[in-house]
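Please look through the structure shown below and follow the briefing beside it, topic by topic. The points are grouped so that each can be checked against the model.

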Amino acid sequence: MTDPYQDDAIEGRIQFGFLARLWPFVRPYRRGFAGCLGLLAASFVLELLGPWLLRHAIDGPMRAPDADRGDRLRELAWYGAGFLAVTVGGALLGYAYGLLTAWNGQRVIRDVRRHLFDHLLGVGLSFHERNPAGKLTTRVTSDVENLNELIATGVLQSVFDLLKIGGVLVVLFFLDLPLALFTVATTPVVIAISVLFRRNAQRAYRAVRGRLALQNAYTTELIGGVRTTRAYGKETAVLQRYAERNQATTAAWLDTVLHFSVFFSLVDLALRATTIGLLWFGGTAVLAGTLQPGQFVQFWLYYALLTAPVRELGEKYNVLQAAFASAERVFHLLDAPRFPPPDGRRRPSPRRGAARVEFDRVGFAYDPATPVLHEVSFQAEPGQTIAIVGPTGAGKTTLLALLARLRDVTAGAVRLDGDDVRELDLASLRARIAFVAQDLFLFTGTVLDNVRLFDPTIDEARVWTALETVGAADFVRRLPQGLRAPVEERGSTFSQGERQLLAFARALVTEPDVLVLDEATASIDSESEARLQQALRVALRGRTALVVAHRLSTVRDADRILVMEQGRIVESGSHTELVARRGAYARMLAKAAADA
Amino acid sequence: MLRPLSWHRSIARAFGRPAALLRRHLGLVFVGMFFVPVHAAVSLWMPRLLGDALDHLQAGGPVEVLERTCWLLLVLALLESGSRYVSRKTLIDASRLVERQLKQDLVAHLQRLPIAWFDRSRSGDLHSRLTQDVELVRFVMGPLLLHGGSTLCLLPAGGWLMASMDVPVTLAAVAVFGVLFAGMRVLMPRLHRWSKKSQEAIGEISQRAQEDFAGIRVVQQFGIVDRERAAMATRNRRYLLANLRLVRLRSLLHAMSHSTSGVVMLGVLLVGGHQVVDGALTVGQLFQFTGYLALLTLPLEILGWTLATMPRAYAAGIRIEELFEVAPEPGSGDAPPLSGGLRVQGLSFTYPGGDRPALRDVSFALAPGQKLGLAGPVGSGKSTLLALLMRFYDPPRGTVFVDGHDVLDLRPSALRALFALAPQEPFLFSDTVAANVGFAGAEPAVGLDAAVAAAALDQDLPQFRDGLQTIVGERGVTLSGGQRQRVSLARALLSERPGLLLDDTLSAVDPLTERRILGGLERQRRGRTLLVASHRLSVLADADQILVLDQGRVVEQGDHRRLMALGGLYAQAFRRQHEAAALESLPEAGS
């Protein structure tokens, strides 16, 4: 048994291949992103201008005792205005950059999400059986969200940071060679300290996340399991287990506080030490007359531009790692093949009233070693009802899934009006077939939504007609909001019988040509039982139907009965024929009559 | 407006309990708070030194002064980092210790609250009080002391230092920062509102996706993929719009604070530069001034952040205290030896807050060792009856008696030690199969294998990766519904209680296995009282007494033979089920 959550453990290597796969989604917005890069470059230039202005203000008007006072003040005002323009311009550019990245990045994310969601609705049932809904939902929501980081942090910011570090270094070299050399010599040390401690701190953080997740999961459990705990009087034991987890989390937290305090202190200390070094080397140069004080201040301020990207280097790496892990998971899902495979050559299957259904030597296997269906052949003429009986595991439900191509045969063929269903257009095929499962799945929404399955082209009158036909109109009318009554948590507020009636209405509202039905086992709810029988009779009238039957009345009324065992049809014929044959079916009837 | 006294009282209500817990770590708090002003003082000294150094450079003084300044700066840098480290480590540690104790006390309290209270509360809400709310309160107990204390030191001292250098520029800077601060106060709530909207929007996406994946059969079979796609597009659009709005607000905030610093620098250059030109201020002093400005921006941001967080922390404190204020269920009462004789007499029961009675006038008696069957549609009251026997809820006085004692007089734990309940939707802990089966007993569990075999769980063991040591996943997700039910049954059997309450326990188990399990149970019952609620009437047929419930009322009562003879609800349903079972069976030829 493979662990369905296995791929959550993906660590996230930086693989540039994923960027290539992301490209088709980014492509429509490439101009916008190019604009983002342009804005970044422009704001970088502005950032460089600020210290330059300051230097000239210091070396110029502030230090020219011989010049005219009015001229000096006027010049100073110009520098001030320049500085203001630079900062306000920088702020505006930053604002524009924020909006433009979001405008484009969020659209890319939306497109990826749309594509992934679409893809997941189109992959086969067996894929969904292997992948729990909760996991797929996480992929569609938070993993797709993380892809944004791949673009924003991964490409744009990284490019910009590299540009910035490189650009500042070049400028520094132009300003003053010895000081620049000093910077180049010390920066790697600071980066090393930053990366080293960031890594330790990150490890400690990961420990916190892991333990906190455990503790929070246990919190959920002890709330959800409160009846169980109470029933067996295990309050103390539960409390003790919680205490262990709580203790472990706190210990991990204290550990991060240690690492983080050390990390912040040491990185700051290293940066401070470097600036003090700059002061020493720069100061001696100024005193020796080889450097102007303003130049020194400019150098100092440029150096400050370096500290932010250097400090955040470790952080960005982590964000990127997580983003790449998400990319891997998302693209892994996109690699799952669609089922049925998209194929443009298929013929439409127009509605034409009751259809003719033929199973021709059909075989099916999930795993070739253990076939589920074997050489199953039968025909249903238009309007006929085929009842299928047999023990659990005989392949009855699998057989029903083949007609609408929820699964595909592995041998033989299923034909609708003479056409192999695999050659028909999927949408028109499925539009002709309606399905009633034993346990109906209700969506959150209203009764109306659930009957017409969110199809606004089906008006309320048609919905009422369908409800009327199956005898569900009464109970819907009794609901406080009628058709608009809310359905919550998969319909837990409706009884099993009521849900069945809604399922019949849902199937009939589209006026299908073929009905596929897994009859619910009878519960004790007598009132809905009588209704269900009536609904069934109406539903089958004039339609071709395949029914896995659990009621004798259904079987008796069927045009043909298939008795299945271990994937094979062991008997088939009408009720009278099979009774006369005194075989398996007759024995079933005898058993049903016995001791009741 | 609240009167001062009640204001004071509600603050005490929100933070009194965590503050009392913090008092246990006074030593840490004292050491931490001592170093907060030390750090502030050192930070404020540095710009002065740098400014002096710059003036010194401009004046071209001796190199020894520069050397001395550099060494002093290095010492100060060490002191700055050291004091920061100590205060952070002590104060944050203390807050984490408070958090731990608060969570522990909360969980201990939860363990004693009545089940009826849990029914009324949403588990998501409870969970968020135990996690997010505690975290918010912790913020007040540590980070607030650290950052708030540091802000309280830096803002006035820095302001005073700046004012002592140049009053007009300081006032101008204060004014501009004031504008920024006001802007933040306006934008922050909006930011909060839109981030909530964005979260709601992604929540809707998540909920719809989850349902579509869970109901993928319906989605594919009815060909509604296109419609779902459209529905998702609407949700995606809403999310996109909320996010863009959020980004706009964030970028605006960012741009504001960025340009504010530009405006302040302009003021400094113009006014300060003017004085430099006039010789009233040196370039170094100007530099020193900007150093203070830079130092004060962070505390200002923290102040804004704190003001935004405090109301939330207060609300969180109140929510936590609300939990502590819920009265626990009584832990007292008689605990006589009980054998499990049951008498229920005219029992009517309405759930707290319910509008319709769940049970109406139910009466029956059951001797120890007898079997009672409960039949009836969903919502007819079967589970309610069993829950009342466990005293998950209090029945009216004088209606439910065990061995002649009114259950209201018995200690709840004594009553619960009498029965083991296996519900239709059992709760499994994300632990091993063995630990889940052995939940009720002491370790190591004696008779584990026998219980596993009796619940027919042994037939599944080969499918499990590590047999009984297999982890079942959250709520047992890796097991099938039937397997979960059988684990819960094995748990009940292993607990060796004199009475067994099976609440549709085997509904997801195939009929054949169910019959085998119940047959075995019957043979090894050894005088256990058995109460079985089931939709499969065949398993009730051998009960000493069967109650057929409908809308809380007993509509038919008697043993199988009597009910069949009656030809009512029970008899009709029994025949239908028998029929269905026959169609699902394939009797051997000649049997």
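In this predicted model, 125 residues of chain B are in contact with 124 residues of chain A. On the side of chain B that touches chain A, the most residues come from helix α9 of chain B, residues 225-278, which gives 31 of them.

**Where the chains meet**

- The side of chain B that touches chain A is made up of 66 nonpolar, 35 polar and 24 charged residues.
- In general, the size of an interface is often stated as the accessible area that is lost when the parts come together.

**Chain A as a whole**

- Chain A has a secondary structure of 19 helices and 12 strands.
- Because its radius of gyration is 36 Å, well over the 25 Å that the globule rule gives for 596 residues, chain A is more spread out than a compact globule.
- The C-alpha trace of chain A spans about 125 × 60 × 55 Å along its principal axes, and buried residues make up 41% of its 596 residues.
- If we take the contacts in chain A between residues at least 6 apart in sequence, 79% of them join residues at least 24 apart.
- The domain assignment divides chain A into domain 1 (11-176 + 315-339), domain 2 (177-290) and domain 3 (357-593), and the centres of domain 2 and domain 3 of chain A, taken over C-alpha atoms, are separated by 59 Å.

**Chain B as a whole**

- Chain B contains 18 helices and 10 strands.
- The radius of gyration of chain B is 36 Å, well over the 25 Å given by the globule rule for 591 residues, so chain B is more spread out than a compact globule.
- Along its principal axes, the C-alpha trace of chain B spans about 120 × 60 × 55 Å, while 44% of the 591 residues of chain B count as buried.
- Among the contacts in chain B between residues at least 6 apart in sequence, 78% join residues at least 24 apart.
- For chain B the domain assignment gives domain 1 (1-166 + 314-329), domain 2 (175-280) and domain 3 (342-584), with 53 Å between the centres of domain 2 and domain 3 of chain B, taken over C-alpha atoms.

**A four-stranded sheet in chain A**

- Four strands of chain A form an open sheet in the order β2-β1-β4-β5, with antiparallel pairing, and its edge strands, β2 (373-380) and β5 (419-420) of chain A, each pair on one side only.
- Strand β4 of chain A, residues 411-416, pairs with β5(A) in the antiparallel sense over two bridges, and A:Arg415 has A:Asp420 in β5(A) as its bridge partner.
- Helix α10 of chain A, residues 396-403, packs on this sheet and touches β1 (357-364), β2 and β4 of chain A, its direction making about 120 degrees with that of β1(A).

**A:Val123 in its loop**

- A:Val123 lies in the loop between α3 (69-122) and α4 (125-130) of chain A, and it counts as partly exposed because it has 19 C-beta neighbours inside 10 Å, whereas a buried residue would need 20 or more.
- Leaving aside residues up to four places away in sequence, A:Val123 touches A:Ala336, A:Pro337, A:Arg338 and A:Phe339.
- A:Val123 and A:Pro340 are 217 residues apart along the chain, yet their C-alpha atoms are separated by 7.4 Å.

Note on methods. Residues are numbered from 1 along each chain as its sequence is written. Chains are lettered from A and ligands numbered from 1 in the order in which they are written. This is a predicted model: local features need pLDDT of at least 70, side-chain atom pairs count only at pLDDT 80 or more; totals for chains, interfaces and linings use all residues. Two residues are in contact if their C-beta atoms, placed from the backbone, lie within 7 Å. Ala, Val, Leu, Ile, Met, Phe, Trp, Tyr, Cys and Pro count as nonpolar, Asp, Glu, Lys and Arg as charged, and the others, Gly among them, as polar. Domain bounds come from an automatic or database domain assignment. Two strands pair if DSSP finds at least two bridges between them. Axes are lines fitted to C-alpha atoms, for helices over the stretch in contact, and angles run from 0 to 180 degrees between N-to-C directions. The radius of gyration is taken over C-alpha atoms; the globule rule is 2.2 Å times the number of residues to the power 0.38. A residue is buried if 20 or more other C-beta atoms lie within 10 Å of its own, exposed if 12 or fewer, and partly exposed in between; C-beta atoms are placed from the backbone.
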